[in-house]
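The sequence and the coordinates come next.

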Amino acid sequence: MKIFNPASFAKFFPFYEESASSNRPVYFDNAATTQKHKHVIEVTSNFYQAENANVHRAAHKLSAEATVKFEQARETARKFVNAKSTKEIIWTKGTTEGINLIAQCFAQTTLAKGDEIVLSYAEHHANIVPWQQVTQATGAIIKVLPLDNEGRIDKSAISGVFSENTKLVSLVMISNVVGKLNPIEDIVKAARAVGATVVVDAAQAVAHQSIDVQAIDCDFLVFSAHKMFGPTGIGLVYGKEALLDAMPPYQFGGEMIRKVSFSGTSFGELPFKFEAGTPNIVGVIGFAEAMKFVSSLDLRAVADYEESIISYTHKKLSDIPGLTFLFKGKPDVPLFSFNLTDHAKDVASFLDAHNFAVRAGHHCAMPLFEYLEQGGCVRASLAPYNTQTEVDSFIALLHQFVKSGIEAEGEVEASDVSVTTAPSLTPDEASIDDTTVDDATIEVIERFDKAKGWDGKHREIMLLSKLLERMSKTERNESSLVKGCESDVWLKAHLDDDKHWHFSADSDAKVIRGLLVIVLAAYQNKSCEHIQAFDIETYFERLGLLQHLSPSRGNGVRAIVENIRKVSR
Ligand code: PMP
């Protein structure tokens, strides 16, 4: 067996080319999407440049060749999952569309009132919401399997949840938050014993495990190309032929028909009856390339490497003061979900300021966080191109984050800032008017203004956050919640006798509280006319603020501004 070398692996990825290195972040967000293999990029761009034609229709060579490639890709997929026939492979936009297809075409047409669908607390929204729609349409109900203290689906709970009413079981193989392999074989056995149909969400598993649908003995299995080095917008449903054959089509139109007439239309055969319209041809061809790449890997060597990086990272993370993992025990894939002293979004934005890409929040698994009674977490998800050196820098940064938090506490206390009054800075024509603002706020905003680079500005935002008076728990309610922010933000407004507006605001994330100080400074204690006339974009531009924020965070800041302008109209 060859020793796995992450640097050689990285050579397959243009993202890791030397020429692209200057601003390249350390990419630890592979559970969201992986980087793309060079062959995937080559075959897709080559198809558009030299081979472009539609499939399954025109009577010319180019189209015939495109059709051959497209159908060869289906054979590659059949082999990849070990399906019996290419009729069992349906192209979709991805995992989400795959589950929707099964929910609408299978569950909605076969389930009835009182039938039970079994999910687990670790499911992605994509494996919850489509089933909730089925329950509304059919009167079926959802039952939820609990997790054990390591975060895997609790085997011991299966017998208490499954019954003769269980008609469908849809479970994640490896959760995108837990990172542990679920006992799918036991679950399939239990489902078979009660005659239930089994759907497996392999979205996260597919980059780490070889998939054999016959060995798993599931009825359906879904995954997306983009989490296994392939293109976005393409995935597949594997379904047992007899089940797919009995199901009605998903969408209707071209490609999926045999004959169309105003006197009656008949549908095509498998797999085409589920693929209405021009498909994602380049996506399919790129997907096949990604499957070929994953199949060519020495999976034992990759697994050994992943195991070593998992143990190393898990140990190093465990040593960080204040760090808590979501679950006990090492993950089975290099995916680490944890919380640190501050809000997860604050940790992620600190890391982003230091050019590390991780994800923070609920990771499209809100019911899991409700179950754990937690607000979210930071998730660092690694792929085989990530190295121990990157992990070392990551760990060093997290130590720095903890330390800087402690130091910042001291700094703010030392400057004796009054944190009980919301700042009322008036940046008249985007400048700072020091007649209406407390000195401490002016000082910090001026420092923010002067801070160099996102690193410096980020630090100042964190200091500013301490100036915001927190709202009480009862004030932070549905009616004060600002829509359109990725974090929870609450805003309340009040008009005084001089017809000046006063705002209080709050957020669960420190970084947002810092941004709120900057936003509120522009509007506090101002008349309606002033608020409507104020040029906030110039103000932000002058502070060098928005260019550093992600589009979603920038939109969140604008949503707050919109709310302020709306209430004060
Ligand atoms: N299930 C799991 C476990 C996932 O991780 C994801 C993607 N985060 C999905 C489903 C949805 O996949 P997609 O967005 O590609 O449809």
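Helix 17 and helix 19 cross in a right-handed sense, where right-handed means that the near helix is turned clockwise from the far one by less than a right angle, and left-handed that it is turned anticlockwise. The model is predicted: local features need pLDDT of at least 70 and side-chain atom pairs pLDDT 80 or more, whereas totals for chains, interfaces and linings use all residues. Residues are numbered from 1 along each chain as its sequence is written, and side-chain values use heavy atoms, with hydrogens and water left out.

Helices (H or I, at least four residues) and strands (E, at least two) are DSSP runs numbered from the N terminus. Axes are lines fitted to C-alpha atoms, for helices over the stretch in contact, and angles run from 0 to 180 degrees between N-to-C directions.

| Helix pair | Angle | Axis separation |
|---|---|---|
| Helix 17 (510–523) and helix 19 (536–543) | about 135° | 11 Å |
| Helix 2 (38–51) and helix 3 (61–81) | about 165° | 12 Å |
| Helix 2 and helix 10 | about 150° | 8 Å |

Angles under 35 degrees count as roughly parallel, over 145 as roughly antiparallel, 65 to 115 as roughly perpendicular and the rest as oblique. Helix 17 and helix 19 are therefore oblique to each other. In their contact (heavy atoms within 4.5 Å), Ile518, Val519, Ala521, Ala522 and Tyr523 of helix 17 meet Ile536, Tyr539, Phe540 and Leu543 of helix 19. By class, this contact has 9 nonpolar, no polar and no charged residues. Here Ala, Val, Leu, Ile, Met, Phe, Trp, Tyr, Cys and Pro count as nonpolar, Asp, Glu, Lys and Arg as charged, and the others, Gly among them, as polar.

Helix 2 takes part in two of the tabulated pairs. Helix 2 packs against helix 10 at about 150°, which makes the two roughly antiparallel. Their crossing is right-handed. On the helix 2 side the contact uses His39, Val40, Val43, Thr44, Phe47 and Tyr48, and on the helix 10 side Ile281, Val282, Ile285, Gly286, Glu289 and Ala290. These residues divide into 8 nonpolar, 3 polar and 1 charged.

With helix 3, helix 2 makes an angle of about 165°, so this pair is roughly antiparallel as well. Helix 2 passes helix 3 in a left-handed crossing. Phe47, Ala50 and Glu51 of helix 2 meet Leu62, Ala66 and Lys69 of helix 3, giving 4 nonpolar, no polar and 2 charged residues.

How many cavities of 30 Å³ or more does the structure hold? There are 3. A cavity is a set of points on a 1 Å grid over the protein atoms alone where a 1.4 Å probe fits but cannot get out, and lining residues have an atom within 4 Å of a point. Grid points are joined across faces, edges and corners, and a volume is the space filled by probe spheres set on the points. The largest cavity contains about 120 Å³. It is lined by 15 residues, of which Asn30, Ala31, Gln204, His208 and Leu382 are the closest to its centre. The lining comprises 9 nonpolar, 5 polar and 1 charged residues.

Two loop positions remain. Leu270 and Pro271 are joined by a cis peptide bond with omega about -5°, and Pro271 lies in the loop between strand 10 (266–267) and helix 10 (281–296). Lys499, not a glycine, has a positive phi of about 65°; its loop runs between strand 16 (489–495) and strand 17 (501–507).

Note on methods. On a 1 Å grid over the protein atoms alone, a cavity is a set of points where a 1.4 Å probe fits but cannot get out, and a pocket is an open set with protein on both sides within 12 Å along at least five of seven lines; lining residues have an atom within 4 Å of a point.
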